[in-house]
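Let us take a walk through this structure together, one stop at a time. Please have the sequence and the model side by side as you read.

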Amino acid sequence: MKIPRVMSTQHPDNVLLPFFAESQDMSGDDEIQEAYYAFSHLGCDEQMWDCEGKEVDDFVVRKLLTKYEHFFKEARLGEDVFLTLRVPNPDVEKEEAKVLIETLESIPRSCDAARLFYGKDIPPIFEVILPMTMSHQSLNRIYYYYKDFVVGKQNQPFYPGDITISEWIGECKPEKINVIALFEDKEHQLEAHNIMREYLKDKDIKHQRVFIARSDPAMNYGMVSAILCNKIALQRLRRLSEETGVKIYPILGAGSAPFRGHLAPDTVDMILEEYPDVQTFTIQSAFKYDHSVASVISAVNKLKASQVMRGYDIDEGKCIEIIDKVAVQYRRVIEYLAPIINYVASFVPRRRMRKLHVGLFGYSRSVGKVTLPRVISFCAACYSIGLPPEILGLNILTAEDIACMKDMHVNFMFDMKTAMSYFNEDVLTILPDEVKTSLKLDWDDYRINPEHKAITSRIIKAVKDRDGANLQDMLIEAAHIRKFLG
């Protein structure tokens with residue numbers, strides 16, 4: 001079976017709008033066309049379809065097959081290219097819980113549409129992604145709900161002595177679906193191997209995909225902590241695969257900003273060097289729309305042509321030591337920054353007609369509690385005032401820690417130099433003293449981007465004066481220079 005190498009996503013981190021967008025807030029048929037564009041023009045072999053936080057289009061398969069018949073006759077949906085649903089997690093998103101049920105119920109109907117189109121059974125959807133996975137029980141609930149209730153009910157009569165459901169409405173296929181765990185916080189990334197071990201018990205599963213988030217851990221614990229959590233999770237999953245014989249295919253959810261993964265068309269070689277054991281890489285909206293089409297296609301082809309190799313061995317004890325101390329320092333700094341970030345983030349333009357996926361940034365009661373925007377708006381706010389979020393919390397690192405980071409994250413200094421190119425010392429005039437005194441700014445011979453500095457100086461002045469008249473336009477101007485919104 002083909003395992004996708006490049007997953008197009010709907011993350012709204014783009015500055016520029018694609019040519020087919022009917023408005024600056026993409027939705028509905030725009031996203032249908034986006035999926036086709038990602039497959040047919042860019043060469044992606046998978047599209048993630050979000051079913052949380054919006055009105056879900058349950059007819060996406062039918063619309064793709066009927067609107068783009070010629071393409072999908074050649075590139076079969078479910079065999080050559082793939083549509084993978086991200087569903088709500090009822091453990092966290094109670095108000096969206098029944099959307100999960102509706103989405104699972106729609107899978108056999110999509111299979112019917114594909115059967116009519118191809119003349120044979122090719123399930124166009126057979127995998128779903130569970131965000132914010134915290135237990136094997138949640139994964140099992142989806143796996144068994146689909147198997148026993150969505151499909152299993154077809155063999156039941158409507159009432160005693162009557163025909164079965166399948167005799168009236170037809171067979172329900174596929175008989176089973178794969179559930180992809182998406183691990184988004186530190187605790188559960190570090191426990192991903194144990195959660196997956198329990199989930200894989202008593203199932204005839206030969207391979208399993210596991211999704212490791214990069215953005216949200218950075219938002220919650222700082223960039224360095226997120227990188228090291230990812231590295232530990234990948235190493236532990238590799239060992240689990242060796243132990244169980246189940247082939248595990250990791251997915252890495254990286255964005256274009258250094259803080260969110262630093263995966264852009266011009267950094268593909270570095271990402272492949274950094275994460276040799278990742279099977280599937282996400283390309284988000286900034287990757288797709290903020291670079292030339294030729295460079296995007298070339299980068300996608302390079303990802304698809306590359307080979308998965310064994311990952312690096314890392315010192316987990318040292319990693320956890322660094323993770324813990326950076327996370328504490330990062331959260332302390334963020335609490336002081338929250339008012340400025342929330343103000344600037346309120347001017348960040350939306351690029352989709354809904355929140356992608358819920359989540360609050362919270363602190364333990366011992367250090368108070370603040371709420372921040374979602375990670376893309378958070379990043380956009382930080383970069384726009386000349387404060388690259390990568391540096392937050394890193395003053396706690398010793399020279400030995402930094403040397404270890406260079407060993408365990410081979411592109412660490414490249415990430416930091418790129419981040420510092422967006423630094424503007426004028427930001428020190430609007431930061432609380434507690435933040436100013438905790439910034440590590442000596443990162444070798446970085447060069448500040450003069451164009452970005454000029455526009456962020458104007459943004460800083462507007463923030464200082466609380467003058468929001470042209471603030472959104474200036475945020476977009478700065479983002480154009482970076483080639484990502486946040």
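Lysine 483 counts as partly exposed, because its relative accessibility is 40%, and partly exposed covers what lies between under 20% for buried and over 50% for exposed. You will find lysine 483 in the segment that follows helix H20 (471-482). Keep in mind, as we go, that this is a predicted model. The backbone of lysine 483 deserves a look too: its phi is near 70°, a positive value in a residue other than glycine. Most residues other than glycine have a negative phi.

Aspartate 444 is another residue with a positive phi, near 55°. Look for aspartate 444 in the loop between helix H18 (433-436) and helix H19 (450-465). With a relative accessible area of 55%, aspartate 444 is exposed, since exposed means over 50%.

Lysine 173 and proline 174 are joined by a cis peptide bond, with omega at about 0°. Most peptide bonds, by contrast, are trans. Proline 174 sits in the loop between H6 and strand S5 (178-183).

Now let us turn to the aromatic rings. The structure holds 21 aromatic pairs. One of them is formed by tyrosine 36 and tyrosine 68, which are stacked, with 3.8 Å from centre to centre and 5° between the planes. Why does this pair tie together parts that are 32 residues apart in sequence? Tyrosine 36 belongs to helix H1 (residues 29-42), while tyrosine 68 is in the loop between helix H2 (60-67) and helix H3 (69-74), so the pair bridges that separation. Tyrosine 68 counts as buried, because its relative accessibility is 11% and the limit for buried is under 20%. Both tyrosines also belong to one aromatic cluster, formed by Tyr36, Phe39, Tyr68, Phe71 and Phe72.

For a pair with another geometry, find tyrosine 143 and tyrosine 199. These two are edge-to-face, with 6.2 Å from centre to centre and 90° between the planes. The pair links distant parts of the chain, 56 residues apart: tyrosine 143 lies in helix H5 (residues 136-151) and tyrosine 199 in helix H8 (residues 192-200). Tyrosine 143 and tyrosine 199 are both buried.

Lysine 186 lies over the face of tyrosine 221, at 5.4 Å from the ring centre. Arginine 466 does likewise with tyrosine 343, at 4.0 Å from the ring centre.

Is tyrosine 159 buried or exposed? Tyrosine 159 is exposed, because its relative accessible area is 51% and exposed means over 50%. Tyrosine 159 is part of the loop between H5 and helix H6 (165-169). From tyrosine 159 to threonine 280 it is 121 residues in sequence and 46 Å in space, C-alpha to C-alpha.

Our last stop returns to H1, this time as a packing partner. H1 and helix H13 (residues 293-305) pack at an angle of about 75°, and their axes are 10 Å apart. The two helices, H1 and H13, are therefore roughly perpendicular to each other, as angles of 65 to 115 degrees count as such. On the side of H1, the contact is made by Tyr37, His41 and Leu42, and on the side of H13 by Val293, Val296, Ile297 and Val300. Six of the residues in this contact of H1 with H13 are nonpolar, one is polar and none is charged.

Conventions:
Residues are numbered from 1 along each chain as its sequence is written. This is a predicted model: local features need pLDDT of at least 70, side-chain atom pairs count only at pLDDT 80 or more; totals for chains, interfaces and linings use all residues. Side-chain values use heavy atoms; hydrogens and water are left out. Rings of Phe, Tyr and Trp (its six-membered ring) pair if their centres lie within 6.5 Å; planes under 30 degrees apart count as stacked, over 60 as edge-to-face and the rest as tilted. Helices (H or I, at least four residues) and strands (E, at least two) are DSSP runs, numbered from the N terminus. Buried means under 20% relative accessible area, exposed over 50%, partly exposed in between (1.4 Å probe, protein chains only). A charge sits over a ring if NZ of Lys or CZ of Arg is within 6 Å of the ring centre and within 35 degrees of the ring normal. Axes are lines fitted to C-alpha atoms, for helices over the stretch in contact, and angles run from 0 to 180 degrees between N-to-C directions. Angles under 35 degrees count as roughly parallel, over 145 as roughly antiparallel, 65 to 115 as roughly perpendicular and the rest as oblique. Contact means heavy atoms within 4.5 Å. Ala, Val, Leu, Ile, Met, Phe, Trp, Tyr, Cys and Pro count as nonpolar, Asp, Glu, Lys and Arg as charged, and the others, Gly among them, as polar.
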